[in-house]
Amino acid sequence: MTDQGRCHTPSSIQSIFTSPEARRRCRQARRFPMRRLKTPAEGPACNGGATVGSDHQPFPTPTLVVDGQSAPGKIHARAATRVLVQRGSGRRPSRHSVTGKRLLLCVVQPEQHESGEGADVSDVGARLTGRVAVVTGGSAGIGRAIAVRLAGDGARVVIADRDVERGEATVRDIRDRAGDARCVPCDVADRAQVVAAVDWIVASCGGIDILVNNAGVPGPSVAAHGLDEDDWERVLAVNLGGVFRFAKYALPHLIASGHGSMVNIASVFGIVGAHLAPAYCASKGGVIGLTRQLAVDYGAVGVRVNAVAPGYIDNDMDERRSRMTPEVAAQHQLAREAAAALQPLGRQATVEEVASVVAFLASDDASFVTGAILPIDGGATSHFNVGAR
Ligand SMILES: NC(=O)c1ccc[n+]([C@@H]2O[C@H](COP(=O)([O-])OP(=O)(O)OC[C@H]3O[C@@H](n4cnc5c(N)ncnc54)[C@H](O)[C@@H]3O)[C@@H](O)[C@H]2O)c1
């Protein structure tokens, strides 16, 4: 046992072991010598660096992070982390090996965080200070809420959108709130415009730390046999091609940043099917696959790549609305609300509820999260009613 780390089994975590066998293993785990987490001087943030010690382990050690609270009366973002570490013997971890190996339960000590390693909750508003965050499609809707939120967290935000007028309005709004923002015209479906936008951002901001690939279009509501091939191409070019294209040209800068983070906006309709949306579903399914693939390739160079999959958001895509008569738009909105009401949380989400999850994934608070596809759907994809018209 050392000063920096002390192993014990908090009762709240013990309660997750419900079977007698699990309780026996938990008691057994407490008898093993403890391993301490890295101190600030030794290495990266404690949740990402929780694969502690000097043992040579050819495969990454799985780490389970469970929320908790450390110092009484004061919650710390990292001090609040209890970490369950499986120490393997070097074999690839499997479900079987997890149950057969020693389980160690460690709690990061408050002293580590008083010294500045852990962010106090009051620091959260500044967790992206100095980071350059690019939000494609940040002029309106969900992208706008993300841009506002990232700026509120201290990031220097760049909106890359084909709608410059609304982009400039969002920039003014962010600056009115004492945030740092600018806008660059860019159609993400156009390679030359993406290259020019990335060059401009790097020249004017010095690099890119965060990329949020949000720009997207819904496409026409029609079954596959009636879908115009040009519409198919356009939806794929924006929703999937735009993510690939911006990623391709921004990745060298995300790597150079040393803490690059990409968050792609997918959809629950990349996970399950939706009526009359073949191109949209295909494009969002592609975003999910590409997210996982990029996470695999770029984890080793320190870039995290995640996606969120929003469900019914109270911001039906403007483009779709603009092509509807007011009566049809009103009917459409009612249908969405009725469908959303069937989901476990019983309502549509606000754009701010999407933005807060994106801000988390973009930040070091998610320093050990990559390749994740996080539904923001009120439980929709856990439920049978998904895909209702
Ligand atoms: N609204 C929802 O319910 C919902 C649900 C799941 C996923 N999403 C996804 O969230 C993202 C944002 O959706 P939203 O509802 O805010 O849409 P929105 O139409 O309100 O805003 C989209 C923004 O992207 C921009 N944009 C569109 N095409 C572009 C292009 N080719 N290049 C650059 N910018 C472009 C638009 O100008 C606009 O600013 C999309 O990817 C969408 O698929 C939305």
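Asn 306 lies in strand E10, which covers residues 304–310. Helices (H or I, at least four residues) and strands (E, at least two) are DSSP runs, numbered from the N terminus. The model is a predicted one, in which local features need pLDDT of at least 70 and side-chain atom pairs count only at pLDDT 80 or more, while totals for chains, interfaces and linings use all residues. Residue numbers start from 1 along each chain as its sequence is written.

Asn 306 is buried, because 25 other C-beta atoms lie within 10 Å. A residue is buried if 20 or more other C-beta atoms lie within 10 Å of its own, exposed if 12 or fewer, and partly exposed in between, with C-beta atoms placed from the backbone. Apart from neighbours within four places in sequence, Asn 306 is in contact with Val 263, Thr 291, Leu 361, Val 369, Thr 370, Gly 371, Ala 372 and Leu 374. Two residues are in contact if their C-beta atoms, placed from the backbone, lie within 7 Å.

## The protein as a whole

The protein has 13 helices and eleven strands. Of its 389 residues, 39% are buried. Among contacts with a separation of 6 or more, 72% are between residues 24 or more positions apart.

## Around the ligand

The ligand is surrounded by 30 residues, and the closest are Gly 137, Gly 141, Ile 142, Gly 216 and Ile 313. Helix H5 (141–152) and helix H11 (318–322) are the elements that give two or more residues to this shell. A residue is near a molecule or strand if its C-beta atom, placed from the backbone, lies within 6 Å of it.

H5 supplies the largest share of the shell, three residues. Sorted by class, the shell holds 13 nonpolar, ten polar and seven charged residues. Ala, Val, Leu, Ile, Met, Phe, Trp, Tyr, Cys and Pro count as nonpolar, Asp, Glu, Lys and Arg as charged, and the others, Gly among them, as polar.

## Helix H5 against helix H6

H5 also packs against H6, at an angle of about 30° and with the axes 10 Å apart. Because of that angle, H5 is roughly parallel to H6. Axes are lines fitted to C-alpha atoms, for helices over the stretch in contact, and angles run from 0 to 180 degrees between N-to-C directions. Angles under 35 degrees count as roughly parallel, over 145 as roughly antiparallel, 65 to 115 as roughly perpendicular and the rest as oblique.

The crossing of H5 and H6 is right-handed. Arg 144, Ala 147, Val 148 and Ala 151 of H5 make the contact with Thr 170, Asp 173 and Ile 174 of H6. By class, four of the residues in the contact of H5 with H6 are nonpolar, one is polar and two are charged. A crossing is left-handed if the near helix is turned anticlockwise from the far one by less than a right angle, and right-handed if clockwise.

## Helix H8 against helix H10

Helix H8 (residues 229–239) packs with helix H10 (residues 278–298) at an angle of about 25°, the axes being 9 Å apart. H8 is therefore roughly parallel to H10. The crossing of H8 and H10 is right-handed.

On the H8 side, Asp 231, Trp 232, Val 235, Leu 236 and Asn 239 meet Ala 279, Tyr 280, Ala 282, Ser 283, Lys 284 and Val 287 of H10. By class, the contact of H8 with H10 has seven nonpolar, two polar and two charged residues.

## Loops with positive phi

Leu 276 sits in the loop between strand E9 (261–265) and H10. Its phi is near 55°, a positive value in a residue other than glycine. Leu 276 counts as partly exposed because 15 other C-beta atoms lie within 10 Å.

Ala 178 is in the loop between helix H6 (164–176) and strand E7 (180–185). Phi of Ala 178 is near 70°, again a positive value in a residue other than glycine. With 8 other C-beta atoms within 10 Å, Ala 178 is exposed.

## Pairs separated along the chain

Glu 353 belongs to helix H13 and is partly exposed, with 16 C-beta neighbours inside 10 Å. Its C-alpha atom is 9.5 Å from that of Ile 146, 207 residues apart along the chain.

Gly 346 is in the loop between helix H12 (326–341) and helix H13 (351–362). Gly 346 counts as exposed, with 10 C-beta neighbours inside 10 Å. From C-alpha to C-alpha, Gly 346 and Gly 378 are 7.4 Å apart in space, and they are 32 residues apart in sequence.
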